[in-house]
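Q: Hey, could you walk me through this one? I'd like to start with pockets, then look at the overall fold.
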Amino acid sequence: MRPCSPQELKEKLDKGEDFVLLDVRNDDELARVSIKNCMHVPLDKLDDKLDDLEALKSKEFVVMCHHGVRSQMAQEYLTVQGFKRVRNLSGGIDAYSVQVDPSIGRY
């Protein structure tokens, strides 16, 4: 699937769309900067949490990390696991904070 732009993510959040915003950053990164109502599963724990995600498999996923590299890996992994609607947040939470919501901060 095509990436999700920061502006598109903002629209999805504003409209209250039913999707999973999956943050695959580490705990310390999440503590610094986050988007409300995201599901947090660090990339290195994704395999361990796959059973928990199975119940949400029919939903669209937007996966994010700091700049988009780890979330791209997570997107590829979830797609191989049979998740059909997985998108990567282009530029990660850093691009989101610059282009959409500077109030969440940067690191």
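A: Happy to! A pocket here is an open set of grid points with protein on both sides within 12 Å along at least five of seven lines. Keep in mind that this is a predicted model.

Q: Good to know. What volume does the largest pocket have?
A: About 160 Å³ for the largest pocket.

Q: And which residues line the largest pocket?
A: The lining consists of K12, L13, G16, E17, F19, V20, L21, K36 and N37. Two elements, α1 (6-15) and β1 (19-23), each give two or more residues to it.

Q: Which element gives the most to that lining?
A: That would be β1, with three residues.

Q: How does the lining split by class?
A: Four of the lining residues are nonpolar, two are polar and three are charged.

Q: OK, switching to the fold. How many helices and strands are there?
A: Five helices and four strands. Along the sequence they follow the pattern α-β-α-β-α-β-α-β-α.

Q: What about the radius of gyration?
A: It is 13 Å, which agrees with the value near 13 Å that a compact globule of 107 residues would have. The C-alpha trace spans about 35 × 30 × 20 Å along its principal axes.

Q: What share of the residues is buried?
A: Buried residues make up 42% of the 107.

Q: And the contacts?
A: Among contacts with a separation of 6 or more, 66% come from residues 24 or more positions apart.

Conventions. Residues numbered from 1 in each chain as written. Predicted model: local features only at pLDDT ≥ 70, side-chain atom pairs only at ≥ 80, totals over all residues. Heavy atoms only, no water. 1 Å grid on protein atoms, 1.4 Å probe; cavity = no way out; pocket = protein on both sides within 12 Å on 5 of 7 lines; lining within 4 Å. Points joined across faces, edges and corners; volume = space filled by probe spheres on them. Nonpolar A, V, L, I, M, F, W, Y, C, P; charged D, E, K, R; others polar. Rg over C-alpha atoms; globule rule 2.2 N^0.38 Å. Buried < 20%, exposed > 50% of the residue type's maximum accessible area, 1.4 Å probe, protein only. Contact = heavy atoms within 4.5 Å.
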